[in-house]
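Subject: A structure for you to explore

Hi there,

Here is the structure I promised to pass on to you. Have a look around first, and then read my notes below.

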Amino acid sequence: MIDFVGKRYLYFLLSLLIIVPGLVAIIIHWSQFGEPFSLAIDFTGGTNWEIVDISRQPTTDEIRAIYSKYGIRDAVPQPETLEGKPGVLIRSSEVRPEVKDQIAADLRQLLGNFTEVRFESAGPAIGAEVSQSALIAVAMASIAILLYLTYAFRKVPHPFRYGVCAIIAMIHDVLVVLGTAAIFGLLFGEQVDVLFLTALLTIIAFSVHDTIVVFDRIRENLIRLRLLPFDDVVNHSIMQTLDRSINTQLVVLFTLTSLALFGGITIRQFVLTMLIGILSGTYSSIFNASQLLVVWEHGEVGNFFRRLTGRQREVTTA
Amino acid sequence: MRQRTFISLALIILLAIVCGWLALSNRTISIGSFTREVKVHLGLDLQGGLRVLLQADVPPGTTIERDQINVAKTIIEKRVNALGVVEPLIQVQGNNRIVVELPGIENPDEAIKVFGGTGLLEFVDAGNTPLTEGETIATTGPSPSNSCSGVVAQSSPTPTPTIAPSSTISPTNGITQTNAITNTQVYTTVMTGDCLETASVVFNQSTNRPEISFTLKGNGVKIFGDHTTANVGKYLAIALDKQVISSPSINSPITTGSGVIQGSFTVPEANNLAVQLKFGSLPIPLRIETTTNIGPTLGQDSVNRSIIAGAIGVFIVALFMILYYRLPGVLAVIALTIYGFIVFTIYKIGVPGLFDFVTLTLPGIAGFILSLGVAVDGNILIFERMKEELREGRPLALAIESGFDRAWPSIRDSNISTLITSAILLWFGSNFGASVVAGFAITLMIGVVIGLFTSVFVTRTFLRFILDVMPNISLWWYGVGSTPRREKSYAPTAE
């Protein structure tokens, strides 16, 4: 029998080892660029213009010269190949429809008669609104889940704790994913877009789902094995659901890995984000949520906070 | 019990056949007067097309009447229909936005100009000097004395820069024109476009160029007649969204209520202009907030790749389930196939009374994958419990039933929490303009509900049926070897 519960602080430490660098990356990114991650135009406003079948690759200066005629000074071309044809993705601040034709005409003079693959243009207001409404929705969902779990676990002592621990584990997974995004943003300039937001929502839903399965077993064993100490009940429950946790994890892993390997380039970042989040979701159910119940049961919470750094306090009470 | 199992099985097979038929085919179904096209509706991110979010462009603090935005939507709908786009989608979002989605459109830039322009046509008193074509001017704007409809547009008196054609009125020369107002004079609006009864493209017999012939209605005949009678020899400019289209001189009084607008437009431009005039101007100016145009190749490419990738993933999952759980695994794979059929049938024909179909987007596919995982998870939970019961020495029939009974609370609670999340996300996504969130939530929600049905009810019926027709097969088929797979030393002794 594996002793999961005895090593709980080791697991918390492992979580911190992943989360803290991510938080540091977020802070560094924030101080350098004024935003926590590299945000795509979905959030900041701007234009991505992808064209293909061009006669040659333009230089940054050539593109800037064209764009600045219309008051846009931050255009950056990024060469790419689509289905074997040369193309370029030009990122810039917002290209208004009034000037698009004119820039297109200038680009045609420079690059020949290209084909437009994608033109995405967003004003700055929308992205902030989308992420704000997503945030409120997640907060409301968390409260609803907290209430539901308190109700569903009403037959065991301290039902409220289960909901709180499930939410903390969920926040853990969100932090892992956000931190990873910030690190990738710093290292490779990976941008966070609306698809990333979708991946995050998926992870949030999965995280709670996965935690509840383990909690349910604890609920059942608390009633069946009344005489065992709480630690042992939790440990038994983790062991009994381990096969299921691993198998469900494998099933999701198979699907996502196949999508990452063979799926289109447009969804690769999205799929990788989900992979990280789902892994973290399973980890946090076993090694955080369930262990936190034990910590709480022993009244180690005060002790627990004392062991952690000041920043971590914000995390767990967030 | 036995009879109920057979009835359930028959119903499941019937459902599987109907949904399988609907899921795998694209056809139009007619039952009496009920006609329905059955097909998967792909979002623009998957099939390519143009999506534009228009926002009311009014000064802060101005309230927008529900009627105004609805009238604007109707007018945009009419203009879009005149463009001949297949399956356009025009929706009011919130209280000040309109989303226009045009799948597979060939010329997105032209389309934006046609449906997005305010379309405010003004006949302007230019006095003694003609105005230059393409020039942007300031006008006094619509007022009760120069309009024909009862309602006067509440547009601001200053010229609102709209997304109306700027340079494109004369794109033949391809010269860029500045939008800046160089002419500071404010011209008097004599009559607005809502006095137009009809507008159509005709060809000038001498120059063979397209021009727009119009007839006036109501007050318009009198307003136009009076003005042209009093101002013979002067110039009467015609401006669309504050931009001068042409500036003819008044040669003689026009009292018959019909005339032509001449200008240097191409045939498609003349057609677009006629479309805008025919359906009137928008009651409020709209500004483009976001534009997304996905070329058809990019969308198709990502769909094809994702389908192949998804198929490989599902195949591996099926293989895993069969190898690990043996007979129940096979049954779970069949149940999951039925799951796929039902889910896709709902995507195609919707749920009567709730929605007509589900538009499948990339976030939607993410929701589907998660719900697939949840459905498989349901089966895994049940089968693991069954194995536990078998290892503890319960008879097969009892083990199957208690496997389901014991797994049910965790399936129920985890699924309900996922349903709560998706319901809140769906509500927020559809009300607060985050269509990405809504697209994810709707497929997740459908998937979780159907997954509950297939992983619990369908699999259970299958297992009961197998138990009934083959009661004596080896426990090996249920994933428990003749010798225990491994010592469950940690298993708590039952109470």
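What follows is a short tour of what was found. Please keep in mind that this is a predicted model.

Let's begin with chain B. It holds 11 helices and 16 strands, and of its 495 residues, 47% count as buried. If you take the contacts in chain B between residues at least 6 apart in sequence, 74% of them join residues at least 24 apart.

Which strands does it pair with? One partner is E6(B), residues 97–103, joined to E4(B) in the antiparallel sense over 7 bridges. Within that pairing, B:Gly49 stands opposite B:Pro103. Another partner is E15(B), residues 286–294, which runs antiparallel to E4(B) with 8 bridges between the two. Here you can find B:Leu54 with B:Ile288 as its bridge partner.

E15(B) also leads us over to chain A. Strand E4(A) and E15(B) run antiparallel and are joined by 5 bridges. To spot this pairing, look for A:Ser121, whose bridge partner in E15(B) is B:Thr291.

Now for the contact between the two chains. It takes 67 residues from chain A and 69 residues from chain B. On the chain A side, H4 (97–111), E4 (115–122), H5 (124–152), H7 and H8 (230–262) each supply at least two residues. The element that gives the most to this side is H7(A), with 18 residues. By class, the residues of chain A that touch chain B are 38 nonpolar, 17 polar and 12 charged.

How do H7(A) and H9(A) cross? The axes of H7(A), residues 194–224, and H9(A), residues 268–297, come within 8 Å and cross at roughly 25 degrees. Angles under 35 degrees count as roughly parallel, so H7(A) is roughly parallel to H9(A). Their crossing is right-handed. Among the residues that meet there are A:Leu195, A:Phe206 and A:Val214 in H7(A), and A:Phe270, A:Gly277 and A:Ile286 in H9(A). The contact of these two helices has 12 nonpolar, 10 polar and 1 charged residues.

Enjoy exploring, and write back with any questions!

Best wishes

Key. Residues numbered from 1 in each chain as written. Chains lettered and ligands numbered in written order. Predicted model: local features only at pLDDT ≥ 70, side-chain atom pairs only at ≥ 80, totals over all residues. Pairing = 2+ DSSP bridges. Helix = DSSP H or I, 4+ residues; strand = E, 2+ residues; numbered from the N terminus. Axes fitted to C-alpha atoms, helices over the stretch in contact; angles between N-to-C directions. Parallel < 35°, antiparallel > 145°, perpendicular 65-115°, else oblique. Left-handed = near helix turned anticlockwise from the far one by under 90°. Contact = placed C-beta atoms within 7 Å. Nonpolar A, V, L, I, M, F, W, Y, C, P; charged D, E, K, R; others polar. Buried ≥ 20, exposed ≤ 12 C-beta atoms within 10 Å, placed from the backbone.
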